[in-house]
Amino acid sequence: MSDPKIDGFELKPGFRGMASDTGSDQTMFKGVHWGKAMMWIFLLSDTFVFSCFLIAYMKGRGSTPVEWPNPSEVFALEAFGVPVPLLLIALMTFVLITSSGTMALAVKYGYEKNRKMCGWLVLATAIGGLTFVGMQAYEWSKLIHEGVRPWENPFGAAQFGSFFFMITGFHGTHVSIGVIFLFIYAYKVFAGHYENGGKRGWFTTMKGDYVEIEILGLYWHFVDLVWVFIFAFFYLW
Amino acid sequence: MSDEYENKSGYQAQSSEALTGSAGSTPDMDYVRPAELPEQDLYHGHTFLTKWVFCQDAKVIGVQYFLTAVFTGIVGLILSWLMRLQLGFPGLAGFITAEHYYQFVTMHGMIMVVYFLTALFLGGFGNYLIPLMVGARDMVFPYVNMLSFWMFFVAVAILMASFFVPGGPTGAGWTLYPPQTILEGTPGSGMGILLMLISLALFVIGFTMGGLNYMITVLQARTRGMTLMRMPLTVWGIFTATVLAMLAFPALLVSAIMMTLDKVIGTSFFMPTILKAGEVLEYGGGSPILFQHLFWFFGHPEVYIVALPAFGIVSDLISVHARKNIFGYRMMVWAIVGIGALSFFVWAHHMYVSGMNPWFGFFFATTTLIIAVPTAMKVYNWILTLWRGNIRINTVMLWCLGFIVTFVNGGITGIFLGNVSVDVPLSDTYFVVAHFHMVMGIAPVMVIMGAVYHWFPLITGRLLNETLGKWHFWATFLGAYSIYFPMHYLGFIGVPRRYYEMYDSPYMTSAVGMNEFISLAAFLVGAAQFILIFNIIKTLKTGKPAPKNPWKANSLEWHTSTQPPEHGNFGERLPVVHRWPYDFSVPGAKDDFIPQTTPPSEVVHTKVEKT
């Protein structure tokens, strides 16, 4: 992407540039699509949601008098008869981070108007996300079989189950919503909704553009980033 | 906004004159950069359903928000009547049991703060005024905007449904503190609290959709020449409040989700080990203080979500009706932004009596007192705007003056309560009730009323009756003062809030007459609001048509192609802005106002400042 040229407005780099953009008329973020700005601000708000969850988790873990379960035992997976700590989680994280890579490539090919490659990469991202959700469902069912419930668990503090199911569930919901949209957008890319000036949307009258792939990508990267924090707080602490 | 400032800053892109050179064309003092964005595609409804119900026009959505919020506000008003009936004349209305009383208190608080004031300022005025004032055709995402209103509507419907479920609405107090909120024995601890939490979560989701619209419209969809520092303060206030809401509501959403889980599936996020009638409950190990932190991390910015739009609107009203530019515009903007930022660092001053490290209390007392500085600057600026202005004492101005008086009163008591050592004895007394009703109840309502009288001609094309308006003002202002001023005294003698009845306590002797007086005043003030409703109905039927721009204001909403503005707001061409909206009584000008769209070449002979 080259720098957008706004008529009568020289985009200056650095703090000076930011100040002159801010002081100008019409738009604050020059050449930035409305939807993209909206997604950034939504993600800022969503960051606060996840921050509240994770801070509540820290406080809850700190204030319960019962001992917290040892994550490397609870989350261990039997591989060839040997319990390997965090094996499943490592795989899940790998899949999710890889899907972020395919998403980034999809954005690149989208801007290059390479419809086929963009579509396949969005589809690959969707499948990666779906795999992640599937593995998470497996992990949930494994824990539930071992007796972990939101209100109790055999390994220690009841809050472990509460926070684990609530926060991974909330994150999993985000991933699932992302997967649904990824499938929809893969269809839209293949069907050429962003070619030749764009097709009007289903509900709104806005015309489609490959920037939508980037907006979806922002959301997807955010969901991955949140996973990194959840990973650190639940599995490594 | 003097010339010296412009030269010192070095950033001249915002002034139209400065751009003349950079454009490289012939020197033209009226030059404004060409449009960056193509015209917005608008969806024009054709059927009744798409035109008035599921409408994508921000103005209709604003009115929908307004009417829904006013409906909930009337419910809240009736609840306050019932409360005052019990407090002033205990036992007179036999149907008000202690449980009912707590339910009234809770629903009154929640309705007024969230579903009335927040929805009215941001959803109502925000939707109607932002696109008009920044010169946009509509909000940037009209479809999402429509969804926002209907999500709010569903949230209100669920809230109202909680009145009719078994056990009634929740009676836990509007702060919904656990553990008592979801334990048996608290009124509405079954379905009532559940519906409340669901309704709040839906409200947050609906508001997020609206808030994204307001923010992006202000940031990315202004018209040509409309720099941030040329926006009316109304837009600044609503914009900053929206930013606060986008960052504060997540805490409410999270606490609502966690409490719902505590209630429904028996987790113990907020529930400590509890002994009830000698039996240990299933709960254990949770932290009730955690809820308080989450709630007030939402709750304190919420105060400013209500107050900042009121600050912004009242600045515009005072400026227009005193025919003078707002004193210290840039200071006003930065005060709004500064108050907004500081409001995230003061929340624990609601929790002094919850028990905390003394240094923690010290920190929050300090931040709380610091926030009084930008707030006081704003009050001084309003007064200096009035100073030697050409004040029109009409209904709008009366409401503005009423706002200043009540806001100063409530603000000063806020400084009392911000100090730990003063707060601890006054906490949970009527002093607190008096404080927050003055500062975030009466004061913003004064602004709402002023705004209704001010913008009614724009929305309907008819002027409200001034005589009725003045009766409405004086009854409300004097009545509201009669309610809340004596409450300070009740607080000082130690009358606790949230008590259903005082029984034979020593407070009875000195407080009983005052409580009766307060209750009578409350009935009067409530009834006085029906003057406005009567006025609106009368005006819509027989009122005189308003001339275009009846108040001779400068901002863009009065300079639309038609009045009331049509869908798309500005007819064929979007306006081009050359100045701020506060050029009133400029020496040498033909009229005492210069609209924002007047190009500099038309006012070269005047002493207008470059803005």
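The largest nonpolar core of this predicted model takes in 238 residues, and the members that touch the most others are A:Val122, B:Val254, B:Leu294 and B:Trp399. Helix H5 of chain B, running over residues 98-134, is the top contributor to this core, putting in 24 residues.

On each side the count comes out at 43: 43 residues of chain A are in contact with 43 residues of chain B. On the chain A side, the elements giving two or more residues are helix H1 (14-22), helix H2 (34-63) and helix H6 (158-190). H2(A) gives the most here, with 14 residues. Sorted by class, this side of chain A has 25 nonpolar and 15 polar residues, plus three charged ones.

Now for the chains one by one, starting with chain A. Its secondary structure consists of seven helices and two strands, laid out along the sequence as α-α-α-β-β-α-α-α-α. Chain A has 237 residues, and 35% of them count as buried. As for how far its contacts reach along the sequence, take the pairs at least 6 apart: 68% of these contacts join residues at least 24 apart.

Chain B has 16 helices and two strands. Its C-alpha atoms fill a box of roughly 90 × 55 × 50 Å, again along the principal axes. The radius of gyration of chain B is 25 Å, which agrees with the value near 25 Å that a compact globule of 611 residues would have. Of those 611 residues, 54% count as buried. Among contacts in chain B with a separation of 6 or more, 79% come from residues 24 or more positions apart.

The axes of helix H4 (residues 58-88) and helix H6 (residues 142-161) of chain B come within 10 Å and cross at roughly 10°. Since that angle is under 35 degrees, H4(B) counts as roughly parallel to H6(B). From H4(B), the residues that take part are B:Ala58, B:Ile61, B:Gln64, B:Tyr65, B:Thr68 and B:Thr72. They meet B:Pro142, B:Asn145, B:Met146, B:Phe149, B:Phe152, B:Phe153 and B:Val156 in H6(B). By class, the H4(B)-H6(B) contact has nine nonpolar and four polar residues, with no charged ones.

B:Asp423 counts as buried because 21 other C-beta atoms lie within 10 Å, where the cut-off is 20 or more. Leaving out neighbours within four places in sequence, B:Asp423 is in contact with B:Tyr352 and B:Leu417. From B:Asp423 to B:Ile193 there are 230 residues in sequence and 29 Å in space, C-alpha to C-alpha.

The backbone of chain B also has a few local features to flag. Two of them are cis peptide bonds. In the step from B:Pro178 to B:Pro179 the bond is cis, with omega near 0°, and B:Pro179 belongs to the loop between H6 and helix H7 (191-220) of chain B. Another cis bond joins B:Gln563 and B:Pro564, with omega about 0°; B:Pro564 comes in the segment after helix H16 (507-542) of chain B.

Positive phi values turn up as well. B:Arg388, a residue other than glycine, has a positive phi near 60°. B:Arg388 is found in the loop between helix H11 (358-386) and helix H12 (395-418) of chain B, and is exposed, with 9 other C-beta atoms within 10 Å. B:Lys552, also not a glycine, has a positive phi near 55°. B:Lys552 lies in the segment after H16 of chain B and is partly exposed, with 15 other C-beta atoms within 10 Å.

Technical notes:
Residues numbered from 1 in each chain as written. Chains lettered and ligands numbered in written order. Predicted model: local features only at pLDDT ≥ 70, side-chain atom pairs only at ≥ 80, totals over all residues. Core = buried A, V, L, I, M, F, W, Y, C linked by C-beta atoms within 7 Å. Buried ≥ 20, exposed ≤ 12 C-beta atoms within 10 Å, placed from the backbone. Helix = DSSP H or I, 4+ residues; strand = E, 2+ residues; numbered from the N terminus. Axes fitted to C-alpha atoms, helices over the stretch in contact; angles between N-to-C directions. Parallel < 35°, antiparallel > 145°, perpendicular 65-115°, else oblique. Contact = placed C-beta atoms within 7 Å. Nonpolar A, V, L, I, M, F, W, Y, C, P; charged D, E, K, R; others polar. Rg over C-alpha atoms; globule rule 2.2 N^0.38 Å.
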